[in-house]
Amino acid sequence: MHGHGADDREGAGRLPAGRGPAGPLGAAELGREPGERASLVQFSTAFCQPCRATRRILAEVAGLVPGVAHIEIDAERNLDLVRALGIVKTPTVLVLDAAGRVVRRAEGMPRKADVIAALGAAV
C-alpha cells in the first residue's frame with residue numbers, strides 16, 4: 001500500500017529530470033569529485049547481490065566514456081542523502097550531468113545499453 005509516512009511528501013520515491021530535492025550534487029554530497037562530463041552514482045548496500053553486477057556495468061561504461069565517473073555510495077552510511085533523494089531500494093542509479101543535476105534515474109540492475117543511452121542525456 002502507498003500513502004504511509006514519508007510517501008506523503010510531494011515527489012517522494014521519484015525524482016523528475018533536472019533538479020532534484022537536494023539540488024545539484026557535488027563532491028560534498030558524493031564523497032569525491034564528480035566526473036568532468038557526467039557521473040554514474042550508484043546507491044548500494046553491503047548484501048545487495050544486484051549491486052555487485054551493477055558496479056561492474058557502471059565501472060565498465062565509465063571506463064569507456066572519457067570524463068565520466070562511477071561513484072558508489074553506501075546507502076546505509078548516507079541516510080540523509082538517501083532520504084533527500086527519495087532512494088527506496090538498492091541498487092538505484094542516478095545519472096548526473098556536468099553540473100551535478102540528476103538527468104536520469106533507475107532502480108534495480110540496469111542493462112549496459114540503457115546506461116550508455118542514459119549518458120547521452122547527460123553529456
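**Exercise 1. Find how many disulfides the whole structure holds, and say which residues are joined.**

Solution. A search of the whole structure turns up 1 disulfide, meaning a pair of cysteine sulfur atoms within 2.5 Å. Bear in mind that this is a predicted model: local features need pLDDT of at least 70, side-chain atom pairs count only at pLDDT 80 or more, and totals for chains, interfaces and linings use all residues. Residues are numbered from 1 along each chain as its sequence is written, and side-chain values use heavy atoms, with hydrogens and water left out.

Next, the partners: Cys48 is joined to Cys51, S to S 2.1 Å. Then the hand: the torsion about their S-S bond is about 85°, so the disulfide is right-handed. Finally, both Cys48 and Cys51 are buried (under 20% relative accessible area; exposed is over 50%, partly exposed in between; 1.4 Å probe, protein chains only).

**Exercise 2. Work out where the buried residues of helix α2 sit around its axis.**

Solution. Start with the list: Cys51, Ala53, Thr54, Ile57, Leu58, Val61 and Ala62 are buried in α2 (helices, H or I, at least four residues, and strands, E, at least two, are DSSP runs numbered from the N terminus). Now look down the axis: these buried residues fall within an arc of 165°, so they line one face of the helix (the arc is that of the directions from the helix axis to the C-beta atoms).
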